[in-house]
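Reader: I'm new to this. Could you show me how to read a protein fold, one feature at a time?

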Amino acid sequence: MSASVWTVERIRRLIALWGEGRTAAAIADRLGPEISRCAVLGKVHRLGLVRAAPARPPSRPRGASAFPKRRFQQVAPSRPASQVSSPAAPERPEATVLSVRRGQCRWPYGTPGSVDFGLCGHPGATRAAS
């Protein structure tokens with residue numbers, strides 16, 4: 001059986017450094033190359049060492065939200081609703097799934113699977129480059 005790397009001196013240094021609030025990685029660096037961070041954490045656990053709880057940040061008052069409320073601005077429409085025109089529905093579909101091209105409207109008309117099913121096919125609105 002091999003000798004333990006945890007000598008009495010190393011254990012004393014571990015306890016002292018842990019009490020100072022050092023991290024397990026920093027303690028492992030101080031104790032030597034044969035002691036890893038995981039070895040330090042295991043020894044701390046086996047010794048039952050506890051760290052003093054850090055001071056809690058002040059809690060917010062009751063009823064206060066963690067997220068601030070957003071304030072939205074009212075934006076007036078550019079045109080009155082009465083002047084906004086919606087595209088008229090075609091009497092019959094002008095495109096099929098196989099014939100519709102890029103930039104054409106793909107709004108479905110009819111029941112899928114039926115003979116009269118098709119797509120709008122009108123030129124679609126182009127997106128402004130941002």
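Reader: Let's start with helix 3. Which of its residues are buried?

Author: Keep in mind that this is a predicted model. A residue counts as buried when its relative accessible area is under 20%. In helix 3, that picks out Val-40, Gly-42, Lys-43 and Val-44.

Reader: What do the buried residues of helix 3 pack against?

Author: Their partners are helix 1 and helix 2.

Reader: Okay, zoom out for me. How many helices and strands does the chain have?

Author: You'll find 3 helices and 2 strands. Reading from the N terminus, the order is α-α-α-β-β. The chain has 130 residues, and 18% of them count as buried.

Reader: Which residues make up the largest nonpolar core?

Author: For a core, you look for buried nonpolar residues joined through their side chains. The largest one here has 12 residues, among them Trp-6, Leu-14, Trp-18, Ile-27, Leu-31, Val-40 and Val-44. Helix 1 (8-19), helix 2 (24-31) and helix 3 (37-47) each give at least two residues to this core.

Reader: Now the helix pair. At what angle do helix 1 and helix 2 pack?

Author: The angle is about 145°, and the axes are 10 Å apart. Their crossing is right-handed. On the helix 1 side, Arg-10, Arg-13, Leu-14, Leu-17 and Trp-18 take part, and they meet Ile-27, Arg-30 and Leu-31 of helix 2. Sort the residues of that contact by type and you get 5 nonpolar, no polar and 3 charged.

Reader: Arg-10 is in that contact. Is Arg-10 buried or exposed?

Author: Compare its relative accessibility with the cut-off: buried means under 20%. Arg-10 comes in at 16%, so it counts as buried. Skipping residues up to four places away in sequence, Arg-10 touches Val-5, Leu-31, Glu-34 and Ile-35.

Reader: And why does Ala-26 count as partly exposed?

Author: Partly exposed covers the range between the buried cut-off, under 20%, and the exposed one, over 50%. Ala-26, which is found in helix 2, has 29% relative accessibility, so it counts as partly exposed. From Ala-26 to Val-40 is 14 residues in sequence and 9.8 Å in space, C-alpha to C-alpha.

Reader: Last one: how is the accessible surface of the chain made up?

Author: The total is about 11700 Å², and carbon and sulfur atoms account for 56% of that.

Technical notes. Residues are numbered from 1 along each chain as its sequence is written. This is a predicted model: local features need pLDDT of at least 70, side-chain atom pairs count only at pLDDT 80 or more; totals for chains, interfaces and linings use all residues. Side-chain values use heavy atoms; hydrogens and water are left out. A nonpolar core is a set of buried Ala, Val, Leu, Ile, Met, Phe, Trp, Tyr and Cys residues joined through side-chain atoms within 4.5 Å. Buried means under 20% relative accessible area, exposed over 50%, partly exposed in between (1.4 Å probe, protein chains only). Helices (H or I, at least four residues) and strands (E, at least two) are DSSP runs, numbered from the N terminus. Contact means heavy atoms within 4.5 Å. Axes are lines fitted to C-alpha atoms, for helices over the stretch in contact, and angles run from 0 to 180 degrees between N-to-C directions. A crossing is left-handed if the near helix is turned anticlockwise from the far one by less than a right angle, and right-handed if clockwise. Ala, Val, Leu, Ile, Met, Phe, Trp, Tyr, Cys and Pro count as nonpolar, Asp, Glu, Lys and Arg as charged, and the others, Gly among them, as polar. Accessible areas come from the Shrake-Rupley method with a 1.4 Å probe; for residues, only the protein chains shown count as cover.
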